[in-house]
Amino acid sequence: MNFNGIDIDSIVPENELEEEIIADIKAGKTKEVITRCPPEPSGYWHIAHAKAWSIDFDTAIKFGGKTYLRMDDTNPIKEEGEFADSYMEDLAWLGYKPEKLIYASEAYFDDIYKIAEQMIMDGKAYVCQLTAEEVSATRGTLTEAGKESPYRNRTPEENLKLFRAMRDGEFEDGKATLRAKIDMAHPNINMRDPVMYRVLRAHHYKLGDKWCIYPMYDFAHPMEDALEGVTYSLCSMEFRDHRPLYDWFIENGWKKPYAPKQREFSRLTIENVLIGKRYLKQLVNEGYVNGWDDPRYPTLIGVRRRGYTAKAIKDFVKSVGWGNVLEVTVPYSALEYYVREDLNKIATRAMVVLDPLKVVITNYEGKEEIEIDNNPNNENAGKHKALFSKEIFIEKEDFSLNPPPKYNRLVEGGIVRLKGAYVIKCNKVVFAENGEIDHLECEYIPNTKSGNDTSGIKCKGTIHFVSAKNCFEVTIREFKPLIKAEYKNPAKALSEGVQIKEILEENSLVERKALAENFLKDAKVQDKFQFMRKGYYCVDKDSAEDNLVFNNTISLKDSFKVQK
RNA sequence: AGGGGUGUCGCCAAGCGGUAAGGCACAAGACUUUGACUCUUGCAUUCGUAGGUUCAAAUCCUGCCACCCCUGCCA
């Protein structure tokens, strides 16, 4: 069966929603799959959002449909205008293209208002003048029914007059609401005459002071979905209890045969990661991090700057799936797996020595070119040139005076291969006056040149190096998790009263210098490299012409364990 | 007179009456001019629990138990 260019019969449903969509399509109930991505413009997006948006977009894409990016801006107190651009950018980075950018306030407030008036005339809504405290006190409890508002039985004419008075500014903030007339004894508390409109005099970033009444989410959202033609309105699990209300508004407000459906998926959280706009905002404001795009942040602009790829993020959130509980928590390693997997395929290999130890090749003069594969797993990536010469630098940790068992690197009197160059033998350790190693004196073995080795020598280890004549200094930024390891659920700890300062790891950002091969001089911001045997690095935007700054995106896995 | 949701390996997660997929993590080994990658192998006699129905139950029924969400004029 062909449906909007998609062969429905070939689709393998990956969750219950998709099964339902297929059934709807086959039953002729759904003509097009239209979803919406409805951020409240009050903060930058983070990885958990990416999970939601990937569900919104990928579901539509799978069925040849489309997705609207809709600013859910019904609360002027919390929203600001600056975010729409960042959302478009994040979406583009993830590879998603919304059908259209819509500001709910601008596009739908007039229609929503009209629907409210109609509901009043239908006897489905009434103006209530109870105070917020009184509404709360009469709502009942989890086990007891609520009490009906004394204003509940006004006539539609009275209600309409009062509602227009609300709109016209004749009520002070908080002095009146429009409420849906449902059932104060309903076991689902959301159905106990929920507020549809409140009086609120706040400057709206988009509409200014045009309105002094604003619709509540529960009313506005289904109306926006319906007005827009959305067929599947996907949100997170905590709205499950709101679904009957959503359907009630569709039935009593929208009143047309076509109806959008709300369906719910699990929210994503990651162990040891602080997610949640209000906390992220606090850390930025209090100067604990360097802005919303700090590489230690789980924001999309943060992980992008750190060097994570869009593919890694998408693969990761997809691996978590739809979910059927409120919140699904996965360990950070689950994310890291996808970051390494993608970077391994695309990152260019380079040699960088983070902690240099000088080595002098006593039996070598001059210099010669060597070649390094840009990516040994990908022949098409090509090679680049590096240099071997008399004076080189190796990693301090690649030489040991007291090697642990199974240490494959350089030891006194031992041999090791220099990546892409020769096998060398350490003849002498030269100490400085302070007792530290000053440098190593080694000899190279001539017929062991990489790719042309006729020596037959078996070498256990290969280490990376840079040549003194072919390196320059760069800045490296290394990150530890922002949150101390013992706080697996930092948001919960904060909600339980732990101070934010207490959960923050100290020195989660460390800056150091390193020696990079000259090949890296041309690196541009966002270029991604694998510093061989160390990790993946990405050029940071703080780089200057004479100072390249690399963010350590993630380390390489290291299965070498020092035995006891 | 509470309502809604969930319980399958440390973590995610398939499973929809026919005898427990897969991924992450972990462990062992092979390969390796990155101790990376890759590759092999191992990792739930059992599905919250107690009964019942059936030739056959994670799947159906009943009773318990545990956890999560809901009492904003936030979204």
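**RNA contacts**

I started with the RNA: 67 residues surround RNA strand B, and the closest are A185, R349, R409, S450 and Q530. I then checked which part of the strand faces the protein. Sugar and phosphate make up 58% of the RNA strand B atoms that come within 4 Å of the protein. I am working on a predicted model here, so I looked up the confidence next.

**Confidence**

Chain A has a mean pLDDT of 96, with 100% of its residues at 70 or more. For the complex, the predictor reports an ipTM of 0.96 and a pTM of 0.96.

Which side chain has an N or O atom 2.7 Å from a base nitrogen of RNA strand B? I found R409 there, and R409 is also listed among the closest residues. A132 uses its backbone instead: a polar backbone atom of A132 sits 3.1 Å from a base nitrogen of RNA strand B.

**What the surface is made of**

I sorted the surface near RNA strand B by class and got 25 nonpolar, 24 polar and 18 charged residues. I also went through the secondary structure. The elements that each supply at least two residues to this surface are α5 (132-138), β8 (195-199), α11 (310-320), β13 (327-330) and α12 (332-346). Which of them gives the most? That turned out to be α12, with five residues.

I followed the chain from β13 to α12 and found P331 in the loop between them. K488 is 157 residues away from P331 along the chain, yet the two C-alpha atoms are 8.9 Å apart.

**Domains and core**

Chain A is split into domain 1 (32-265), domain 2 (270-348 + 474-554) and domain 3 (356-464). I took the C-alpha centres of domain 1 and domain 3 and got a separation of 66 Å. Then I turned to the largest nonpolar core, which has 69 residues, with I47 and F316 making the most contacts inside it. Helix α2 (residues 47-62) provides the largest share of this core, seven residues. Domain 1 and domain 2 each put at least three residues into this core.

Technical notes: Residues are numbered from 1 along each chain as its sequence is written. Chains are lettered from A and ligands numbered from 1 in the order in which they are written. This is a predicted model: local features need pLDDT of at least 70, side-chain atom pairs count only at pLDDT 80 or more; totals for chains, interfaces and linings use all residues. Side-chain values use heavy atoms; hydrogens and water are left out. Domain bounds come from an automatic or database domain assignment. pLDDT is the predictor's confidence in each residue, from 0 to 100. A residue is near a molecule or strand if one of its heavy atoms lies within 4 Å of it. A polar contact is a pair of N or O atoms within 3.5 Å; within protein, one must be able to donate a hydrogen and the other to accept it, and residues adjacent in sequence count only if both atoms are side-chain atoms. Helices (H or I, at least four residues) and strands (E, at least two) are DSSP runs, numbered from the N terminus. Ala, Val, Leu, Ile, Met, Phe, Trp, Tyr, Cys and Pro count as nonpolar, Asp, Glu, Lys and Arg as charged, and the others, Gly among them, as polar. A nonpolar core is a set of buried Ala, Val, Leu, Ile, Met, Phe, Trp, Tyr and Cys residues joined through side-chain atoms within 4.5 Å. Buried means under 20% relative accessible area, exposed over 50%, partly exposed in between (1.4 Å probe, protein chains only).
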